[in-house]
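Colleague: Could you take a close look at one part of this model for me, and then work outwards from it to the rest? I'd like the cut-offs behind your terms as you go.

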Amino acid sequence: MNFISTADVTGKELASILSAATLGKKQGWKPKLKGKTVGLLFFNPSLRTRTSFQAGLIKLGSVPIALSATDSWALELIDGSIMDGSTAEHVKDAARVLSTYLDAICIRSFPGMKDWDDDKKDALIQGFAKHATVPVINMESCLWHPCQALADALTMQEVLGKTKGKTFVLSWANHPRQLPMAVPNSALLIAAQMGMNVRLACPKGYELDSDILNQVKQTAVKQGGSFSTHNDQAEAFKGAQIIYAKSWTPPVLVGKPDEDTKLRKKLSWTITKEKMAMTNNAAFMHCLPVRRNVVVTDEVLDSKQSVIIQQAENRMHSQNALLLKLLGGKSKSK
Amino acid sequence: MNFISTADVTGKELASILSAATLGKKQGWKPKLKGKTVGLLFFNPSLRTRTSFQAGLIKLGSVPIALSATDSWALELIDGSIMDGSTAEHVKDAARVLSTYLDAICIRSFPGMKDWDDDKKDALIQGFAKHATVPVINMESCLWHPCQALADALTMQEVLGKTKGKTFVLSWANHPRQLPMAVPNSALLIAAQMGMNVRLACPKGYELDSDILNQVKQTAVKQGGSFSTHNDQAEAFKGAQIIYAKSWTPPVLVGKPDEDTKLRKKLSWTITKEKMAMTNNAAFMHCLPVRRNVVVTDEVLDSKQSVIIQQAENRMHSQNALLLKLLGGKSKSK
Amino acid sequence: MNFISTADVTGKELASILSAATLGKKQGWKPKLKGKTVGLLFFNPSLRTRTSFQAGLIKLGSVPIALSATDSWALELIDGSIMDGSTAEHVKDAARVLSTYLDAICIRSFPGMKDWDDDKKDALIQGFAKHATVPVINMESCLWHPCQALADALTMQEVLGKTKGKTFVLSWANHPRQLPMAVPNSALLIAAQMGMNVRLACPKGYELDSDILNQVKQTAVKQGGSFSTHNDQAEAFKGAQIIYAKSWTPPVLVGKPDEDTKLRKKLSWTITKEKMAMTNNAAFMHCLPVRRNVVVTDEVLDSKQSVIIQQAENRMHSQNALLLKLLGGKSKSK
């Protein structure tokens, strides 16, 4: 079983992961993955993900193997290609070889941000998922960041108790750089999976990919919640119990950094104390790293409503619960 | 005891390593190296070597310490030099210091590819071998890749049963880049050590270093085999039981990339289904990473004759057997 | 408790750390830190520090988590700043998040060498010390290298027995590059803490920061020793029992590399056999890496008086004793 998106787990499985995470967080983790070898492949930088996976695996009795892209070669993703260019190894071979050494392969690979149609294929992680013979876990790909979403779910459960019927707002926010959509996509989807009334708040033109939004809407409705898009931030914030802030570059602006930058400069979507006051005493969430006083003010980040550190801490606990689910069986110790 | 080349082990020792590898692969590895600290120093990128050594050591109960060259300083290799240039530490000091922390030092250091006389000295690994007070293991140097050769030997034993008297062909193949000779040197030598009839197939002018070839020839004859060079690929493939493909830049073309590139473009040495049909149902081998449809076609790589994944998997098992041989005694746990 | 400078430990605590280091070096280390997760954050390259911390932690039963700066983002160090520039995460958030995964945070962060007033703030490690909720250990900051100093102290105790009243000389030495002051600062301070007669030997204009020198002087006097500065190397070496060589760029030349380089070229402060002959059979010390035949001649480095390898080996043992002191209690295994 792979974990590429939170859609890969049923509602029952999700509940079971969150319950195991809560227990492990409370009672401490037992070395149930002793002798397991888990590879962490980073094609992009990481602080939280890298440290939380490593620390979590160690607490589970395993010894993590972290690999940076610079340790290795450029991978070819297209089947049948004549490899006389810059790629040195086919993902087919890399995935099959690593499967002989490792019990699971965790991968971080950001989008190229040049062409959304290309990014949307999520070719690297899909290539590993297709060819690996051990579980593949997504540590943030072009499309999804499902481990962040598990931590978000655990945090919302801790903060709200029952999440069904509560109001979740994902709000676009200012930021000086072009940013991918994996976190917002996964945040919307997990909120929908938890039966929340999901609101996407973003400036006109900054809507996320329509296929993703359709998936979110269908999931929300199926779970007894709802989905709506708001170009008016104030309207979206009214009555909200969760404000999840994040900046992103929408599909229509991928590959057009100058246009995106020009548009961003005119927008005032920073989350402030005044905006938070419009909500129903909402908790403030962000995946970190966060640009202070650009995405959100210090006042909000350092307020009692901010749960950003709790959210980050929950990365480790929810990932550990996931790892136990995927690898908890017998080790292939040979 | 160091392991710089497979010539460092006797026929009996080689048989014993392969036998331990087979047993470990079948029954699983026991934590016999618990408390041992093995350093993996990478002066060049690595995927298979890095992951197989790390995973293997973990299965043996150890915790590997992987270090990239970028983590450290440039090393001085010449005795008595006045170090007022770019090198910050003498290999003499680095090797002695690391020996106080580690139970073994494994090193990957590729050739400079500017001057063969210089590369042939293999100064970095020889410097470590001279000054370290713990075993030094070669994870691919300018001259040799003996850990790859152990995996090759294990794979040939699995595929052929008895290797003595079987026909082994190392064939040069097309590739867009200049490549070192460590893998082909070690592949020829291990085949000779296993008593095989060893054939080197390469375009005229692409012959490997003559000292190495003499060592291969003498070893083959001593073990009851033979050695021959063929500039006609078809002639070499006739009756072969192993086809081992690899591209390299020969000694005479080291430092002359333009000339090498120009010559390569005229050559048609890609391994194809048609060429494989000339053999005695040979197994196809390659050390990976492999440029698909340049070195060898997809058809061959994905055929039943291809043992490339088995070969890669055997890296870990043969290395574990080697590590147990070199470090299996008492730990210096202090 | 943090360990930013050796001034953070009392004389009694220092003696206890050295005593534990001696015992561990003699008898071997026990896995007392099993289940602890220690993060090693390297914002700069490292060979000895990285390997000694990793090997040491493994011998203590822990699994170290080493992170290179390239794995992560640039950190913002100023409170209240509007983060629309190059920094992606505030040290406040990074320190608090890492504290939820790790039992201790070890940090290496060299000075910028542009502006001494700025370097002197030691903002990165001070930021971590302020915001982390677990112990912070300095693996060399702008101002201090206290783990090196612990190893120096252990080595001097091994070499001299009683250190009180013995003569310690820190001598500036030639070197082609601009270098920071952390090692010389910590070497002087630890010698003072051990009650030695501390002499700083350096060319006129190469004196260390006056606040640091005042702290050294006060500490030396308090411990029954003394402190003096000598611009005449020969005068300083007379009767010395320890010669500790190190090059550095003094506060007045930070940010002025051309002026520093010009001045250095006129100086002949290389440590030679002839200079060592002026001492009271002094042991020769250096923190490594050392530029042979620039800082000091091969003759001295390879003589019986040289204790550089012993000094490097002691890094691991003194650090292990420190880690046990800071983390020896109950694990937060959750």
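**A strand and its surroundings**

Modeller: Let's begin with a pairing: L200(C) has T229(C) in strand 9 of chain C as its bridge partner. Helices (H or I, at least four residues) and strands (E, at least two) are DSSP runs counted from the N terminus. Please keep in mind that this is a predicted model, in which local features need pLDDT of at least 70 and side-chain atom pairs count only at pLDDT 80 or more, while totals for chains, interfaces and linings use all residues. Residues are numbered from 1 along each chain as its sequence is written, and chains are lettered from A and ligands numbered from 1 in the order in which they are written.

The part I'd pick is strand 8 of chain C, residues 197–201. Five of its five residues are buried, so the strand is largely enclosed by the rest of the structure. Here, buried means 20 or more other C-beta atoms (placed from the backbone) within 10 Å of the residue's own, exposed means 12 or fewer, and partly exposed is in between. N197(C), R199(C) and A201(C) point to one side of strand 8 of chain C, V198(C) and L200(C) point to the other, and all of them are buried.

Strand 8 of chain C has a parallel partner in strand 7 (residues 167–172) of chain C, joined to it by five bridges; strands count as paired when DSSP finds at least two bridges between them. Within that pairing, N197(C) faces T167(C). From strand 7 of chain C, the chain reaches strand 8 of chain C by way of helix 7 (residues 182–193) of chain C, in a right-handed β-α-β crossover. Right-handed means that, with the strands pointing away from the viewer, the path from the first strand over the helix to the second runs clockwise.

Strand 8 of chain C also pairs in the parallel sense, over five bridges, with strand 9 (residues 226–230) of chain C.

M113(C) sits in the loop between strand 5 (104–108) and helix 4 (116–120) of chain C, and is partly exposed, with 18 other C-beta atoms within 10 Å. Most residues other than glycine have a negative phi, and most peptide bonds are trans.

L288(B), which is not a glycine either, has a positive phi of about 60 degrees, and the peptide bond between L288(B) and P289(B) is cis, with omega about -5 degrees. L288(B) is buried, with 21 other C-beta atoms within 10 Å, and P289(B) belongs to the loop between strand 11 (283–285) and helix 12 (298–301) of chain B. In chain A, the bond from L288(A) to P289(A) is cis too, with omega near 0 degrees.

For a second sheet, look at chain B, where four parallel strands make an open sheet in the order 2-1-5-6. Its edges are strand 2 (65–68) and strand 6 (136–138) of chain B; each has a single partner strand, so one side of each lacks a neighbour in the sheet. From one strand to the next, the twist averages 20 degrees; axes are lines fitted to C-alpha atoms, for helices over the stretch in contact, and angles run from 0 to 180 degrees between N-to-C directions. Strand 5 (residues 104–108) and strand 6 of chain B run parallel and are joined by three bridges, with C106(B) opposite I137(B).

Finally, where does chain C touch chain B? The contact involves 32 residues of chain C and 26 residues of chain B, a contact being two C-beta atoms, placed from the backbone, within 7 Å. On the chain C side, helix 1 (11–27), helix 2 (48–59) and helix 13 (308–327) each give two or more residues, and helix 2 of chain C supplies the largest share, eight residues. That side of chain C has 15 nonpolar, eight polar and nine charged residues. Nonpolar covers Ala, Val, Leu, Ile, Met, Phe, Trp, Tyr, Cys and Pro, charged covers Asp, Glu, Lys and Arg, and the others, including Gly, are polar.
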